[in-house]
Amino acid sequence: MTMPPTGTGPWSTDHSAALYERAQQSITDGTSRDTLLRKGGHPIYVDHGDGAWVTDVDGNRYLDCNNNFASIIIGHADPTIAAAVQERMSRGTAFSFPNDAEVELAELLCGRVESFELIRFANSGTEAVMAALKAARAFTGRPNVIKVEGAYHGTYDHAEASQSPNPTNWGDATAPSTVRYSAGTPASVEEEVGIISFNDAEGARAAIRRGGDQLAAVLLDVMPNRVGMPVIEPEFIGAIRDTTREVGALLVLDEVISFRLGYGGAQTKLGIDPDITTLAKIIGGGFPVGAIAGRRGPMETFVRVAGNRAKVPSGGTFAANPITMCAGHAAMTLLDRDAFARLDTIGENIRSGLRSIFNRAGLDWQATGAGSLFRVHPHNRTIRNYRDSHLSSDEIVEITEFGRRMQSQGVYFIAESLGCLSLATSDDDVEHFLGAAEASLPSP
């Protein structure tokens, strides 16, 4: 049985606080990842992880319901992955040569998904999305793309458009405005990126047809966290797939996170036939990774012809390095059909358990998601798109406080309320989570 966290909350995090103060003297904002910062406090510094749990530098233990933003799916310090990596590391970590581990992981992934006729590895999901959109432009000879309002696809200028709009700038729901996300984004993004609302089939058809012969691709995540993880409607999928084919554009499916939803990813479960798929996170076994996979035609934009430069040159010092490829192969081998069935069970027990807790407490809260993913919402509005899930200032305070209280109960659960589980999560861990959630709820 998994032991509960040491001590009783709130625990001391003095060592983490000291490290954060020290870090601010040499690292911008004190950390290289914005997502680790919380308002009014300091991040927790981890010492080590073991299975479904992590221990911080002050000795506090937490059930990890973030798992490095969905990249850890087997569990921390898995012995099978560790042994494979240690053996491979004894032969060197990176070379300016290809390696057999790259071939083996490519064969495994292409063997699982019908649309993966060819694959190419990169270092992150952001890199994969950048390369996929370049390939779509190169293959079609067109400049523009369409994406879903609120969806996160990494930090590429075009992919992050309208990832966090608000009522002051998001425009008409039937034809959302294109909103630049960060300073330094060129104004041209507003002309080159169209925005559609999740689950708006008619809006998607209209936008794709307006794009016409200038549209290279539609970029789609079937379960976008920042949209609220609503259920994607078959009519929406069909509208995008049919209309992209009608105008000669590509469907680029972002499975950086959703590939953890099943043996062949979300596309196999939902019957989607994309032209290009972007991958990352779980396929690296806990190491930095990205990949672009897809149909032969668009993927051949990465191919050199007669020794000439490819239409889309692609590489990277650590792309397809043997350590990542080896770890990824070990992880994906462990993820057989039984493993995904277990992940489905764990996730559904969390979601249904949360719904029961909210109901007993008389709170109008809800839990969305599928597979090993879930998200908590401090409201009970029907969620079909980003605007339905967009939180008011009061709701932001509620969910932020919920996350802080969960942490004091021994559960690491980020303020955005995204939950992500690993195969190492036991039934006792599920009970620990649900007990912590019940103790962390606000008064109705």
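Predicted model: local features only at pLDDT ≥ 70, side-chain atom pairs only at ≥ 80, totals over all residues.
Side-chain values use heavy atoms, with hydrogens and water left out.

**Helix 7 and helix 8**

- Two packed helices are described by the angle between their axes and the distance between the axes.
- The axes of helix 7 and helix 8 come within 8 Å and cross at roughly 15°, where axes are lines fitted to C-alpha atoms, for helices over the stretch in contact, and angles run from 0 to 180 degrees between N-to-C directions.
- Angles under 35 degrees count as roughly parallel, over 145 as roughly antiparallel, 65 to 115 as roughly perpendicular and the rest as oblique.
- Helix 7 passes helix 8 in a right-handed crossing; a crossing is right-handed if the near helix is turned clockwise from the far one by less than a right angle, and left-handed if anticlockwise.
- On the helix 7 side, Ala201, Ala204, Arg205, Ile208 and Arg209 meet residues of helix 8 that include Phe236, Ala239 and Ile240, with contact meaning heavy atoms within 4.5 Å.
- The residues of this contact divide into seven nonpolar, two polar and four charged, where Ala, Val, Leu, Ile, Met, Phe, Trp, Tyr, Cys and Pro count as nonpolar, Asp, Glu, Lys and Arg as charged, and the others, Gly among them, as polar.

**The nonpolar cores**

- The largest nonpolar core has 38 residues, and those with the most contacts inside it are Val148, Ile196, Leu220, Phe236 and Ile240.
- Such a core is a set of buried Ala, Val, Leu, Ile, Met, Phe, Trp, Tyr and Cys residues joined through side-chain atoms within 4.5 Å, and buried means under 20% relative accessible area, exposed over 50% and partly exposed in between (1.4 Å probe, protein chains only).
- Among the elements that give two or more residues to this core are helix 2 (67-70), helix 7 (201-211), helix 8 (234-247) and strand 5 (144-148); helices (H or I, at least four residues) and strands (E, at least two) are DSSP runs, numbered from the N terminus.
- Helix 8 provides the largest share of this core, four residues.
- Isoleucine 196, leaving aside its neighbours within four places in sequence, is in contact with residues including Val148, Ala204, Phe236 and Ile240.
- A second, separate core of 31 residues includes Val85, Phe121, Leu279 and Ile283.

**Two further helix pairs**

- The axes of helix 3 (residues 79-89) and helix 11 (residues 322-334) come within 9 Å and cross at roughly 155°, and the two helices are therefore roughly antiparallel to each other.
- The crossing of helix 3 and helix 11 is right-handed, and among the residues that make the contact are Ala84 and Val85 of helix 3 and Ala327 and Ala330 of helix 11.
- By class, the contact of helix 3 with helix 11 has 11 nonpolar, one polar and one charged residues.
- For helix 14 (residues 393-408) and helix 15 (residues 427-440), the axes come within 9 Å and cross at roughly 130°, and these helices are therefore oblique to each other.
- Helix 14 and helix 15 also form a right-handed crossing, in which Phe402, Arg405 and Met406 in helix 14 meet Phe433, Ala436, Ala437 and Ser440 in helix 15.

**Single residues**

- Most residues other than glycine have a negative phi.
- Phenylalanine 69, in helix 2, has a positive phi of about 55° although it is not a glycine, and is buried with a relative accessible area of 15%.
- Alanine 70, which also lies in helix 2, has a positive phi of about 80° and counts as buried at 1% relative accessibility.
- Leucine 343 lies in helix 12 (residues 337-361), is buried with a relative accessible area of 1%, and touches residues including Ile73, Leu335 and Leu421, not counting residues up to four places away in sequence.
- Glycine 353 has its place in helix 12 and is buried, with a relative accessible area of 12%.

Key. Residues numbered from 1 in each chain as written.
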